[in-house]
Amino acid sequence: MAKSKSKRTNKSRVNNKKAWQVILIILSSIVVVVIVLYIIGGIIVDREINKRSVSDKTEQANITNYLRNKYDQDFEVKKPSCNGGGLGVSCVWSADAYPKSDKSIKIHVSRVDNQTKYSDNYVVRTWQKEQTAKIQPKAKEVFKDMPVDIKVRLGVIDPEIERTFTLKKPTFEEVFLVENKVRQRGNLAYGLNFKYDGDIKDESRFASGIHEMMEYTKNVGVSPKDISVNIYLSKNGKLISRKYCNRDKLSSINEIKGCIDTSKNMPVEEGDRW
């Protein structure tokens, strides 16, 4: 009787062991299948993401020719990249470039991989440099001995409009001033960037100067709706913080002071530059 019971127990153990072996084999097979599918899927996705119609060097040459033909100038074009594509969506080629005659002007060129039209901001960047130079005398008059620098930053939000710009037409005045011909009101950005180097000794005076420069810009003909302000703080020339001041918070000197206070606690990001 005891022997019979022992045999049944051993047989049950053998059956349980075999059952666990079968389960382990099934689970192992499932894991292998999942890993294989993951690898195959990754390869397919990677191919989709990196699917491009041309090589980097070919696209770099294409951008160089495009800029030369459009502006009748030679440009130095950095290595382009094609990002944002995948799963049936074309990537977007983009590259930075500089006119060889003036490398202080950095521009951006882009196109969708399956399209032929390029977009660039060369015209707007030339206006930007010109307007910064024009506003400097007024800034020196306003800030006097304060360690303040100022730059104008321009932007046209609609790339389809910006694509039509050439060095001959339209003019800055036609696009950015209130009585403009391009009728881009609401799609423009006229930024006044202020940089204060060192500790701000007279915050009220700094805020008053920013307000005066904004009023000067409006009087020139720029729409208040297009104007924005960025405040940069630096020490010994090194940027330490930056704050974008919303246009609806710039109607008074006290509001500008509030933006200055906030800027002290806003560290610069990797892409921030003066």
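Visitor: Where is Asp72 found?
Guide: Asp72 lies in the loop between H2 and strand S1 (75-77). Keep in mind as we go that this is a predicted model.

Visitor: And what is phi of Asp72 near?
Guide: Phi of Asp72 is near 55°, a positive value in a residue other than glycine. Most residues other than glycine have a negative phi.

Visitor: Is Asp72 buried or exposed?
Guide: Asp72 is exposed, because its relative accessible area is 70% and the cut-off for exposed is over 50%.

Visitor: Which other non-glycine residue has a positive phi of about 55°?
Guide: Asn236 has a positive phi of about 55°. You'll find Asn236 in the loop between strand S8 (227-235) and S9. Asn236 is exposed too, with a relative accessible area of 80%.

Visitor: While we're on backbone details, which residues does a cis peptide bond join?
Guide: Lys169 and Pro170, with omega at about -5°. Pro170 sits in the loop between helix H4 (159-162) and helix H5 (172-176). For context, most peptide bonds are trans.

Visitor: Let me go back to H2. Which residues does Leu67 touch, leaving out those up to four places away in sequence?
Guide: Leu67 touches Asp72, Gln73, Phe75, Val77, Ala97, Ile107, Val109 and Asp120. Leu67 itself is in helix H2 (residues 56-71), so Asp72 from our first question turns up again among its contacts, and Leu67 is buried at a relative accessible area of 0%.

Visitor: How many residues apart along the chain are Leu67 and Asp120?
Guide: They are 53 residues apart along the chain, and their C-alpha atoms are separated by 8.8 Å.

Visitor: Which residues touch the most other members of the largest nonpolar core?
Guide: Leu67 is one of them, together with Phe143, Tyr190, Leu192, Phe194, Phe206 and Ile210. That core has 52 residues. Helix H3 (residues 122-143) gives the most to this core, with eight residues.

Visitor: Take Phe206, then. What is Phe206 in contact with, leaving aside neighbours within four places in sequence?
Guide: Phe206 is in contact with Phe143, Met146, Val148, Phe194, Tyr196, Ile200, Ile231 and Ile260. Phe143 and Phe194 are also among the core residues that touch the most other members. In soluble globular proteins, nonpolar side chains tend to be buried together.

Visitor: Now the outside. Which residues form a nonpolar patch on the surface?
Guide: Trp20, Val22, Ile23, Leu24, Ile26, Leu27, Ile30 and Val34 form that patch, with about 780 Å² of accessible area together. One of them, Ile23, is in helix H1 (residues 2-49). Ile23 counts as partly exposed because its relative accessible area is 37%, which falls between the cut-offs of 20% and 50%.

Visitor: Which residue forms a disulfide with Cys82?
Guide: Cys91, with the sulfur atoms 1.9 Å apart. The link of Cys82 and Cys91 is right-handed, with 85° about the S-S bond. Both Cys82 and Cys91 are buried.

Visitor: And how far apart are the sulfur atoms of Cys245 and Cys259?
Guide: The sulfur atoms of Cys245 and Cys259 are 1.7 Å apart in their disulfide. The pair links Cys245 in strand S9 (residues 238-245) with Cys259 in helix H7 (residues 253-263), 14 residues apart.

Visitor: Why is the disulfide of Cys245 and Cys259 left-handed?
Guide: The disulfide is left-handed because the torsion about the S-S bond of Cys245 and Cys259 is about -90°. Cys245 is buried at a relative accessible area of 1%, and Cys259 is buried at 7%.

Visitor: Last thing, the overall picture. How many helices and strands are there in the protein?
Guide: There are seven helices and nine strands. Of the 274 residues, 36% count as buried. The accessible surface comes to about 16900 Å², and 54% of that belongs to carbon and sulfur atoms.

Definitions and conventions. Residues numbered from 1 in each chain as written. Heavy atoms only, no water. Core = buried A, V, L, I, M, F, W, Y, C linked by side-chain atoms within 4.5 Å. Buried < 20%, exposed > 50% of the residue type's maximum accessible area, 1.4 Å probe, protein only. Helix = DSSP H or I, 4+ residues; strand = E, 2+ residues; numbered from the N terminus. Contact = heavy atoms within 4.5 Å. Patch = residues over 30% accessible without salt bridge, like charges linked within 9 Å, V, L, I, M, F, W, Y side chains within 5 Å. Areas by Shrake-Rupley, 256 points an atom, 1.4 Å probe, with all protein chains shown as cover. Salt bridge = Lys/Arg side-chain N within 4 Å of Asp/Glu carboxyl O. Disulfide = S-S within 2.5 Å.
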